[in-house]
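Here is a short briefing for a first look at this structure. Start with the view below, then read on.

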Amino acid sequence: MSYLVLKTIHLIAVVCWFAGLFYLGRLFIYHKEAEKKPKNSQKILQEQYKLMANRLMNIITWPSTIITSFFGFYMLFKNTALLGLSWMKVKLIFVSILIIYTILSQTILNQLNKGTIKLNDLQLRLWNEGATLLLISIISLAVLKTSISWLKAIFIFLLIGITLMFLIKIYKRLINK
């Protein structure tokens, strides 16, 4: 199989993995927000969100995680020189964090299945943005490689993180009014 075919499959799976994580985070938030609804509506909504979250995790997110990882490591196997590059080492650290993030998302889903999510809606909103920060970091490293200084990259990452937190706080104030 050609390297470009491997890369194509890898990138498609990455898109699906992140789509799953983004939507899963929203389902967690919706499930938590449903606690404020009347009991009858709450039960119906939460059951639907639970069903959707489980299907999303089992049919899209985990398979995409496995496919992404398999083809990513296969590409590294076919081009071992990449392992000597600093940007690739940092990217692999971020990918490891992303895998941990996915496992922790499964933990939140397990809590949801038991009927109690330990995080509040603000914490879940912040959790949901973690995937965004990881996406920005991983894609930036893969595309920019060494064309951006580490200091500038860290500054941009922090700026984006602070901006996301600020926007979440504004959103929280708007919906509480």
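In what order do the elements of the chain run from the N terminus on? They run α-α-α-α-α. The model is a predicted one. The chain has five helices and zero strands.

**Overall build**
- The chain holds 177 residues, and buried residues make up 37% of them.
- Along the principal axes, the C-alpha atoms fill a box of roughly 60 × 35 × 20 Å.

**The largest pocket**
- The largest pocket holds about 540 Å³ of space.
- Its lining counts 27 residues, and H10, M75, M88, K91 and A142 are the closest to the pocket's centre.
- By class, the lining of the largest pocket splits into 19 nonpolar, five polar and three charged residues.

**The second largest pocket**
- About 340 Å³ of space lies in the second largest pocket.
- This pocket has 17 lining residues. Nearest its centre are S140, L141, A153, I154 and F157.
- Helices α3, α4 and α5 (150-176) each supply at least two residues of the lining.
- Helix α5 gives the most to the lining of the second largest pocket, with six residues.
- Twelve nonpolar residues belong to this lining, along with four polar and one charged.

- I154, F157, L158 and I162 make a nonpolar surface patch of about 380 Å².
- F157 sits in helix α5.
- I154 and F157 are also among the residues nearest the centre of the second largest pocket.
- Is F157 buried, partly exposed or exposed? F157 has a relative accessible area of 30%, so it counts as partly exposed. The partly exposed class lies between the buried cut-off, under 20%, and the exposed cut-off, over 50%.

**Lysine 114**
- K114 is found in helix α3.
- K114 counts as exposed because its relative accessibility is 72%, and the cut-off for exposed is over 50%.
- How far apart are K114 and K50 in sequence and in space? They are 64 residues apart in sequence. From C-alpha to C-alpha, K114 and K50 are 9.9 Å apart in space.

Methods:
Residues numbered from 1 in each chain as written. Predicted model: local features only at pLDDT ≥ 70, side-chain atom pairs only at ≥ 80, totals over all residues. Heavy atoms only, no water. 1 Å grid on protein atoms, 1.4 Å probe; cavity = no way out; pocket = protein on both sides within 12 Å on 5 of 7 lines; lining within 4 Å. Points joined across faces, edges and corners; volume = space filled by probe spheres on them. Nonpolar A, V, L, I, M, F, W, Y, C, P; charged D, E, K, R; others polar. Helix = DSSP H or I, 4+ residues; strand = E, 2+ residues; numbered from the N terminus. Patch = residues over 30% accessible without salt bridge, like charges linked within 9 Å, V, L, I, M, F, W, Y side chains within 5 Å. Areas by Shrake-Rupley, 256 points an atom, 1.4 Å probe, with all protein chains shown as cover. Salt bridge = Lys/Arg side-chain N within 4 Å of Asp/Glu carboxyl O. Buried < 20%, exposed > 50% of the residue type's maximum accessible area, 1.4 Å probe, protein only.
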